[in-house]
Amino acid sequence: MVFRLSTLNLAGLFGACALTCLRAQLTAMPVRQPGAALDTSIRNEADRAADQAAAWLVAQQRPDGSWGVSNRTVRSTALALLALHVFPRPTAARSDACARAALCLDRSSHLPQTDPETHAWRLLALAAALPPGPERTSRFRRLAQQAEPLLPDAAEGPRRFWREALAAAGLADSTPAAHPDDPARLARLANLWPPDDAAGHAVLWRYARLINRAGKGQLVRGESVLDWRADLAARLIRTQRRAPGAGGYWPASATHDACEETAFGMLILQEL
């Protein structure tokens, strides 16, 4: 017996096969959970924002290798150097900018600083940029000695940050102990999430670090896991401004100029 398929039957057969394949794909495709790593489309947008910010920062660097306003040059230069150095897609222009920034920070090591956080940022940036060796360790020890007199009067936050910088420079335990109030800080952050629009990038960066280090990447309110990565990524992508010349930046906040705000924006994206 010859079995013939009519055009209508053939179309129905193909349709059934396509539906079966689609269901199989949907079943196999993992559903992104709140707080998980960014999905591909948002990750691509975040990487593009970081790429634009890196191009803008390189264009803002002064001939002496520095960034920022005069009274914050060391801090701004350290932030920009660290942001460019951790960027995953280096270019010749970014590598040159990092080298000149490291030289600038090294030359500034004799300048007195009254802020422990500025000492910490400089130490962190140089620890990331300079190759290992005895001379590097000697430099770091000199920087550490300059900061020591400031630490007894500093608040707990800057002192903890300084200890992290020492660890990054190889001058202290590489795994600083968790702070006893970390769970309480995470709970307060979860109750207030999402952050107020007025919160600058420095604040958001500290939030992201707290979640990653103390919360192991999870921010939980009650029994709900909050989608903090997607929230921060969307905010950074939405608020970045295109520069007239090249790249993109984030405008100055109440406490930081555009160079620092843009460097912090890149550091936040790295935490996501």
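Helix α5 passes helix α7 in a left-handed crossing. The model is predicted.

**Helices α5 and α7**

Helix α7 covers residues 156-168, and its axis comes within 9 Å of the axis of α5. The two axes cross at roughly 20°. Angles under 35 degrees count as roughly parallel, and α5 and α7 are therefore roughly parallel to each other.

Which residues of α5 meet α7? They are Pro116, Glu117, His119, Ala120, Trp121, Leu123, Leu124 and Ala127. On the α7 side, the contact is made by Pro158, Phe161, Trp162, Glu164, Ala165, Leu166 and Ala168. By class, the contact of α5 with α7 has 12 nonpolar, one polar and two charged residues.

**The aromatic rings**

The structure holds six aromatic pairs. The table gives their geometry.

| Pair | Distance of ring centres | Angle of planes | Type |
|---|---|---|---|
| Trp121 and Trp205 | 5.1 Å | 45° | tilted |
| Trp121 and Phe264 | 5.6 Å | 80° | edge-to-face |

Both pairs link distant parts of the chain. Trp121 lies in helix α5 (residues 116-129) and Trp205 in helix α9 (residues 201-214), 84 residues apart. Phe264 sits in helix α11 (residues 258-271), 143 residues from Trp121.

Why is the pair of Trp121 and Phe264 edge-to-face? Its planes stand at 80°, and planes over 60 degrees apart count as edge-to-face. The planes of Trp121 and Trp205 stand at 45°, so that pair is tilted.

Are these residues buried or exposed? Trp121 has 0% relative accessibility and counts as buried. Trp205, at 7%, counts as buried. Phe264, at 0%, counts as buried too. Buried means under 20% relative accessible area.

Ring pairs link Trp121, Phe161, Trp205 and Phe264 into a cluster. Phe161 belongs to the α7 side of the contact with α5.

**Helices α9 and α11**

Trp205 and Phe264 also take part in the contact between α9 and α11. These helices pack at an angle of about 20°, with their axes 9 Å apart. That angle makes α9 roughly parallel to α11. Their crossing is left-handed.

From α9, the contact uses His201, Ala202, Leu204, Trp205, Ala208, Arg209 and Asn212. From α11, it uses Glu261, Phe264, Gly265, Leu267, Ile268 and Glu271. The residues of this contact divide into seven nonpolar, three polar and three charged.

Technical notes
Residues numbered from 1 in each chain as written. Predicted model: local features only at pLDDT ≥ 70, side-chain atom pairs only at ≥ 80, totals over all residues. Heavy atoms only, no water. Phe/Tyr/Trp six-rings, centres within 6.5 Å; stacked < 30°, edge-to-face > 60°. Helix = DSSP H or I, 4+ residues; strand = E, 2+ residues; numbered from the N terminus. Buried < 20%, exposed > 50% of the residue type's maximum accessible area, 1.4 Å probe, protein only. Axes fitted to C-alpha atoms, helices over the stretch in contact; angles between N-to-C directions. Parallel < 35°, antiparallel > 145°, perpendicular 65-115°, else oblique. Left-handed = near helix turned anticlockwise from the far one by under 90°. Contact = heavy atoms within 4.5 Å. Nonpolar A, V, L, I, M, F, W, Y, C, P; charged D, E, K, R; others polar.
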